[in-house]
Amino acid sequence: QVQLVESGGGLVQAVGSLRLSCAASGRTFIWYRMGWFRQTPGKEREVVAAINWSTGGTYYADSVKGRFTITRDNAKNTVALQMNSLKPEDTAIYYCAADVSGWKYAYWGQGTQVTVSS
């Protein structure tokens with residue numbers, strides 16, 4: 001089974017920065033996508049950023065475009081989310097997810113809390 005472990009969450013002030021990391025382990029022939037999602041109470045989980053594992057193509061939610069950057073290390077099976085110019089509305093539990101089928105994100109990390117104070 002694929003295992004995902006996030007790290008790097010914490011408490012920061014507005015306009016500050018955090019870097020989240022996700023370490024993936026497990027046997028798989030190919031990684032299609034890895035992404036970062038976030039969830040707050042009363043809201044459904046939303047995609048924040050995603051990266052195509054082979055091409056490096058990226059996707060960003062409009063709310064974070066220009067502030068967040070997703071990167072991957074193919075050799076190490078890790079993905080990072082650099083979060084700059086943080087806003088209080090970025091406060092959420094952030095989850096790392098992996099798509100190893102080309103169809104859906106089937107593997108999820110345990111989540112890491114990001115709290116941005118004003």
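Colleague: Which residue in E8 does Cys22 stand opposite?

Modeller: Cys22 stands opposite Val79 there. Keep in mind that this is a predicted model.

Colleague: OK. How many bridges join E3 to E8, and which way do the two run?

Modeller: Six bridges, and E3 and E8 run antiparallel.

Colleague: What sheet are they in, and what is the strand order?

Modeller: An open sheet of four strands, in the order E1-E3-E8-E7, with antiparallel pairing. E1 (3-7) and E7 are the edge strands, each pairing on one side only. From one strand to the next, the twist averages 15 degrees.

Colleague: Back to Cys22. Which residue does the disulfide join it to?

Modeller: Cys96, with an S to S distance of 2.0 Å. A search of the whole structure finds one disulfide, and this pair links distant parts of the chain: Cys22 sits in strand E3 and Cys96 in strand E9, 74 residues apart.

Colleague: Why is that disulfide called left-handed?

Modeller: Because the torsion about the S-S bond of Cys22 and Cys96 is about -80 degrees.

Colleague: And is Cys22 buried or exposed? What about Cys96, buried or exposed?

Modeller: Cys22 has 1% relative accessibility, so it counts as buried. Cys96 is buried too, with a relative accessible area of 0%.

Colleague: Now Val79. What does Val79 touch, leaving out residues up to four places away in sequence?

Modeller: Quite a list, including Cys22, Cys96, Met34, Trp36, Ile51, Trp53 and Ile70. Val79 is also among the residues with the most contacts inside the largest nonpolar core, along with Met34, Trp36, Leu81, Met83 and Tyr94.

Colleague: How many residues does that largest nonpolar core have, and which elements give two or more?

Modeller: The core has 29 residues. Strands E3, E4, E5, E7, E8, E9 and E11 each give two or more.

Colleague: Let's switch to E11. Which side chains there are buried?

Modeller: Thr112, Val114 and Val116, which point to one face.

Colleague: Which strand runs parallel to E11, joined by four bridges?

Modeller: Strand E2, residues 10-13. In that pair, Val12 stands opposite Val116.

Colleague: And E9 with E11, parallel or antiparallel?

Modeller: Antiparallel, joined by three bridges. Ile93 has Gln113 of E11 as its bridge partner.

Definitions and conventions: Residues are numbered from 1 along each chain as its sequence is written. This is a predicted model: local features need pLDDT of at least 70, side-chain atom pairs count only at pLDDT 80 or more; totals for chains, interfaces and linings use all residues. Side-chain values use heavy atoms; hydrogens and water are left out. A nonpolar core is a set of buried Ala, Val, Leu, Ile, Met, Phe, Trp, Tyr and Cys residues joined through side-chain atoms within 4.5 Å. Buried means under 20% relative accessible area, exposed over 50%, partly exposed in between (1.4 Å probe, protein chains only). Contact means heavy atoms within 4.5 Å. Two strands pair if DSSP finds at least two bridges between them. A disulfide is a pair of cysteine sulfur atoms within 2.5 Å. Axes are lines fitted to C-alpha atoms, for helices over the stretch in contact, and angles run from 0 to 180 degrees between N-to-C directions.
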